Amino acid sequence: MTTLVTPADVRARAKKLFDRDARTWAAEQQTDVVLDVPLRPPTEREALSDLDRVRQWVDGWRGVSEDSGIELEWAVRGWSRIGSQEVPVRAVLRGSDSIARAAGEAEGWRLLVARLDALRGLTGSDSGSVLRAHARAVADLDRADFDRLVDVLAWLRENPESSRLIRELPIRGIHTKWIESRRGLVEALHRAGTGAPGLGLREPSPLMRIRILDPSLSFQGLTDVSAPVDDLAASPIRPERVFVFENLATLLAMPDVPRAVAVHGGGHRVDLVTRLPWAQAVTYWGDLDSHGFAILNRLRARGVHATSALMDMDTLFDHRDLWGIDPDPNVGVFERLTTDERTTLQSISAEGNIRLEQERIPWSYALARLGAS
């Protein structure tokens with residue numbers, strides 16, 4: 001017998017469609033969605049093979065209530081041996097409300113529509129793509145947090161260049177962690193409504209760690225300093241040599257070097273180096289792997305004149321026994337590497353994406369090549 005399509009089957013299809021497309025419907029205010037399901041009623045021969053099953057199937061459809069969201073189309077079959085029988089032939093769900101109801105998502109659907117409608121008033125009528133992209137995050141907020149989101153967007157819209165810290169925002173229930181944990185959502189919705197690239201807030205200056213390698217340059221005797229990068233940028237020190245190290249342990253181990261400063265600048269911290277006017281020409285030493293060269297390339301791309309140290313073929317092959325494997329190499333294109341650096345990076349790849357970490361290199365070997373021994 002042909003597989004009979006049951007009310008449960010239609011509800012399951014409605015649920016699958018709802019889960020896939022409901023955010024788009026709500027974001028783009030689509031109400032004319034239709035789910036049309038042929039029920040494939042049995043032939044007379046099929047019905048005769050299992051009358052009880054067919055009767056139960058028909059009764060199941062007769063039991064579908066009018067408020068289920070499912071419209072049924074019935075047809076009379078004039079069967080010679082069983083007689084005329086009325087059977088359901090099609091189930092139609094017209095509109096997103098009906099599909100949500102059949103899917104068992106009526107309450108969640110009403111909430112999603114109401115929330116996106118409220119946000120549309122703050123983000124504008126052309127914000128459908130942004131609302132769709134963030135609909136799940138909006139739906140997952142509890143009521144208090146959604147109300148706070150609306151309050152934040154409204155306040156930011158009225159105060160586009162407040163230059164306040166998050167802690168200073170006069171919005172009940174808003175604190176730094178609340179904004180930071182939802183920053184992508186807030187920024188996207190604010191940008192959709194105002195076109196502003198940011199929130200107009202004042203950001204705390206990130207901390208940066210440096211070591212003064214010449215006591216004559218110290219901050220009133222302090223030689224190991226973590227301070228806001230803007231404060232370090234404004235300091236009067238003018239070193240003749242600046243080392244930038246990817247590895248903190250290397251920074252801490254450096255001996256005294258006349259007129260020199262060492263900066264911890266691995267990963268995204270290299271962006272902070274560009275904010276130091278006294279660190280626009282540096283010696284950079286990173287891990288001998290694709291990520292170390294990516295950081296070097298990034299430093300140069302931001303305008304810093306960076307000379308690499310211990311990132312060459314000699315260092316790589318002098319320590320072959322200390323190689324490890326990089327499980328997730330950076331496959332970017334680094335246009336600002338020198339010819340020798342590019343050759344070293346190619347060897348790293350050719351040898352199987354190996355890596356030589358800074359801390360594996362003997363300290364005496366490193367100091368000699370840094371000119372710090």
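Predicted model: local features only at pLDDT ≥ 70, side-chain atom pairs only at ≥ 80, totals over all residues.
Helices (H or I, at least four residues) and strands (E, at least two) are DSSP runs, numbered from the N terminus.

After helix 17 comes glycine 371, which has a positive phi, near 70°.

## Basis of the values

Residues are numbered from 1 along each chain as its sequence is written, and side-chain values use heavy atoms, with hydrogens and water left out. Local features need pLDDT of at least 70 and side-chain atom pairs count only at pLDDT 80 or more, whereas totals for chains, interfaces and linings use all residues.

## Aromatic pairs

Rings of Phe, Tyr and Trp (its six-membered ring) pair if their centres lie within 6.5 Å, and planes under 30 degrees apart count as stacked, over 60 as edge-to-face and the rest as tilted. By this rule there are 6 aromatic pairs. One of them joins phenylalanine 18 and tryptophan 25 edge-to-face, at 6.3 Å centre to centre and with 70° between the planes. Phenylalanine 18 is buried, at a relative accessible area of 8%, and tryptophan 25 is buried as well, at 3%. Ring pairs link Phe18 and Trp25 with Trp109 into a cluster.

Phenylalanine 245 and tryptophan 285 have ring centres 6.1 Å apart and planes at 85°, so this pair is edge-to-face. Because phenylalanine 245 lies in strand 6 (residues 241-245) and tryptophan 285 in strand 8 (residues 281-285), the pair ties together parts that are 40 residues apart in sequence. Phenylalanine 245 counts as buried at 0% relative accessibility, and tryptophan 285 counts as buried at 1%.

## Positive phi in two loops

Most residues other than glycine have a negative phi. Arginine 259, a residue other than glycine, has a positive phi near 55°; arginine 259 is found in the loop between helix 12 (248-253) and strand 7 (260-264), and at 30% relative accessibility it counts as partly exposed.

Leucine 310 likewise has a positive phi near 55°, and its place is the loop between strand 9 (305-308) and helix 15 (313-318). Leucine 310 is buried, with a relative accessible area of 3%.

On a 1 Å grid over the protein atoms alone, a cavity is a set of points where a 1.4 Å probe fits but cannot get out, and lining residues have an atom within 4 Å of a point. Grid points are joined across faces, edges and corners, and a volume is the space filled by probe spheres set on the points. The count comes to 1 cavity of 30 Å³ or more, and the largest cavity holds about 30 Å³ of space.

The lining of the largest cavity is made up of Leu122, Leu153, Arg157, Leu189, His190, Gly193 and Thr194. Helix 8 (143-158) and helix 10 (183-194) each supply at least two residues of this lining, and helix 10 gives the most, with 4 residues.

Notes
Buried < 20%, exposed > 50% of the residue type's maximum accessible area, 1.4 Å probe, protein only. 1 Å grid on protein atoms, 1.4 Å probe; cavity = no way out; pocket = protein on both sides within 12 Å on 5 of 7 lines; lining within 4 Å.
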